[in-house]
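Biologist: I am new to this structure. Could you walk me through how to read its features?

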Amino acid sequence: MVRRGVEHKHSGVDWEFWAKVVCLAVVVGFVATGIKPVVRSVRRAREVVYKTREYKRLVEENRRAEAELKFLKTAEGKASAVRSELGYIEEGEKVLELTEEQPSAYCRRLGDRVRAWLGRVELRIRHWGRDAIDIGACLVGLWEPVMPEEYSVRAGEGT
């Protein structure tokens, strides 16, 4: 009988056993020290990240509303509001009504449904990935929580 290939020389150490021992020691260490502080800090980090994002979104929405309000205070803005809200038409203008027909959800082709499903999955994965990165950054102190502008100004005046 002829043996071909590399001969495996055993060093006498059972690495699989010691890997299991190390993993068990890590798990026992977590359980012994308590996993609750770790879970609590992850929850707090998640809350800080979500509140910061919500605050940034609200600030942006407020800026857009202020810009729209500033536009609506002008004569052109008032005319635009009257036209859109009341349907006011100036003399000599023609109005065209356009309607767009939406295809039924039941008659969509399989490819369209799969494409739409994959698009939703992609968005979900992007959000999960962004959440994991931001929460990790918050846990290690690299995340800068956003303070309300009024609070920052008042805090700066007091010092």
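This is a predicted model: local features need pLDDT of at least 70, side-chain atom pairs count only at pLDDT 80 or more; totals for chains, interfaces and linings use all residues.

Modeller: Helix 3 covers residues 75-86, twelve residues in total. From first C-alpha to last, helix 3 reaches 16 Å. That is close to the 16 Å expected at 1.5 Å a residue.

Biologist: Which residue follows helix 3?

Modeller: G87 does. Its phi is positive, near 75°.

Biologist: Now the core. Which residues form the largest nonpolar core?

Modeller: The general idea comes first. In soluble globular proteins, nonpolar side chains tend to be buried together. Here the largest such core has five residues: A45, V49, I135, C138 and W143.

Biologist: What is A45 in contact with, beyond its neighbours within four places in sequence?

Modeller: I135, C138 and L139.

Biologist: And D134: is this residue buried or exposed?

Modeller: The cut-off for buried is under 20% relative accessible area. D134 has 14%, so D134 is buried. D134 sits in helix 4. Leaving aside neighbours within four places in sequence, D134 contacts V49, R53 and W143. Of these, V49 and W143 belong to the largest nonpolar core.

Biologist: Let us turn to cysteines. How many disulfides are there?

Modeller: To count, a pair of cysteine sulfur atoms must lie within 2.5 Å. By this rule the count is zero.

Biologist: Why does C138 count as buried, and why does C23 count as exposed?

Modeller: Compare each value with its cut-off. C138 has 19% relative accessibility, under 20%, so C138 is buried. C23 has a relative accessible area of 52%, over 50%, so C23 is exposed.

Key
Residues are numbered from 1 along each chain as its sequence is written. Side-chain values use heavy atoms; hydrogens and water are left out. Helices (H or I, at least four residues) and strands (E, at least two) are DSSP runs, numbered from the N terminus. The expected span of a helix is 1.5 Å times one less than its number of residues. A nonpolar core is a set of buried Ala, Val, Leu, Ile, Met, Phe, Trp, Tyr and Cys residues joined through side-chain atoms within 4.5 Å. Buried means under 20% relative accessible area, exposed over 50%, partly exposed in between (1.4 Å probe, protein chains only). Contact means heavy atoms within 4.5 Å.
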